[in-house]
Amino acid sequence: MYKLIGAVRFVAALLYALACIILVLVYLQWVPAAKKKNIIRTWAATFIRIVGMQLKVEGQIYDKPCLILANHISFIDVFALNATKPGRFIAKSEIAGWPVFGKIAKGVDTLFIERKNHRSILSVNEQISQALKQKQTIMLFPEGRTSVGLTLLPLKSNLIEPAILSDTPVQPVALCYTENGQKTTKASYANIQIFACLWTIVSTPGLALTMKFLPVIDVTGKSRHEVAKEASALMSEAMGVPDPMKDMPEPSRHHCDAIAQSVR
């Protein structure tokens, strides 16, 4: 019976996503920023309901523009964050070429980065700096790759530098997926294609995502590495997993200064 429900949800999710692409192409890019945020928030929340996943929010959502750091498990992460605090995402360049969801990502002003390309990182950092100066919220998955959701990976700090330079607060967010109250890997697309992940999600009863908004980090007087380690400590504690950056040494000052100069 639930497979039938899953099939209905799968088709409904795809049709809804296609409708959103049309919305993006013919309407969304021309509306004022405030109205656009409300549309994205409503659209994202509706998609989560369509796939049958329960969304729970814990903690206090910072009510001003900021840099959000979140662990990355599923494509649902993007919808969940947009359903609570819409902002511009930093995403790997491969997502731009995804069918359906790639076009949606482009339509909501996602900034794409080739993580192995140093020049791409510098270019995205410049764009992040401009966006933060314009008081936009930026969403970043600093682990650098998708996990299955049972651990936290070390946070890469390169893209945190613009927040340091613009004195923009950072809010860590811990994303935790459960199936009937127990931790699960079923929402992860770390090792499977996105449509296979979507099918697993819509055909699995009792899936839920808990978003834990953690204390805001004041970046004043801190390096990007210090902010990353502070965020890692908060996120790992909220997830109930070991902190992968607890004993990680600080990089050399020369390296830090070189990165900082690249985004000024």
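User: What should I know about the model before I start reading?

Analyst: Residues are numbered from 1 along each chain as its sequence is written, and side-chain values use heavy atoms, with hydrogens and water left out. Since this is a predicted model, local features need pLDDT of at least 70 and side-chain atom pairs count only at pLDDT 80 or more, while totals for chains, interfaces and linings use all residues.

User: At what angle do helix α1 and helix α2 pack?

Analyst: Two packed helices are described by the angle between their axes and the distance between the axes. Here helix α1 (residues 2-26) and helix α2 (residues 33-50) pack at about 165 degrees, and their axes are 9 Å apart. That makes α1 roughly antiparallel to α2, a term used for angles over 145 degrees. The axes are lines fitted to C-alpha atoms over the stretch in contact, with angles running from 0 to 180 degrees between N-to-C directions, and the helices are DSSP runs (H or I, at least four residues) numbered from the N terminus.

User: Which residues of α1 and α2 meet?

Analyst: With contact taken as heavy atoms within 4.5 Å, Arg9, Ala12, Ala13, Tyr16, Cys20 and Leu23 in α1 meet Ile39, Thr42, Trp43, Thr46, Phe47 and Ile50 in α2. By class, this contact has 9 nonpolar, 2 polar and 1 charged residues.

User: How many aromatic pairs are there?

Analyst: A pair of aromatic rings is described by the distance of the centres and the angle of the planes. Rings of Phe, Tyr and Trp (its six-membered ring) pair if their centres lie within 6.5 Å, and planes under 30 degrees apart count as stacked, over 60 as edge-to-face and the rest as tilted. By this rule the count comes to 6 aromatic pairs. In one of them, the ring centres of Phe10 and Trp199 are 6.1 Å apart with planes at 75 degrees, so the pair is edge-to-face. Because Phe10 lies in helix α1 and Trp199 in helix α7 (residues 194-202), the pair ties together parts that are 189 residues apart in sequence.

User: Is Phe75 buried or exposed?

Analyst: Buried means under 20% relative accessible area, exposed over 50%, and partly exposed in between (1.4 Å probe, protein chains only). Phe75 is buried, with a relative accessible area of 4%, and Phe79 is buried at 7%. One aromatic cluster is formed by Trp43, Phe47, Phe75, Phe79 and Tyr189.

User: Where is Lys246 placed?

Analyst: Lys246 is in the loop between α8 (224-239) and α9 (253-262), and at 62% relative accessibility Lys246 counts as exposed.

Definitions and conventions. Helices (H or I, at least four residues) and strands (E, at least two) are DSSP runs, numbered from the N terminus. Angles under 35 degrees count as roughly parallel, over 145 as roughly antiparallel, 65 to 115 as roughly perpendicular and the rest as oblique. Ala, Val, Leu, Ile, Met, Phe, Trp, Tyr, Cys and Pro count as nonpolar, Asp, Glu, Lys and Arg as charged, and the others, Gly among them, as polar.
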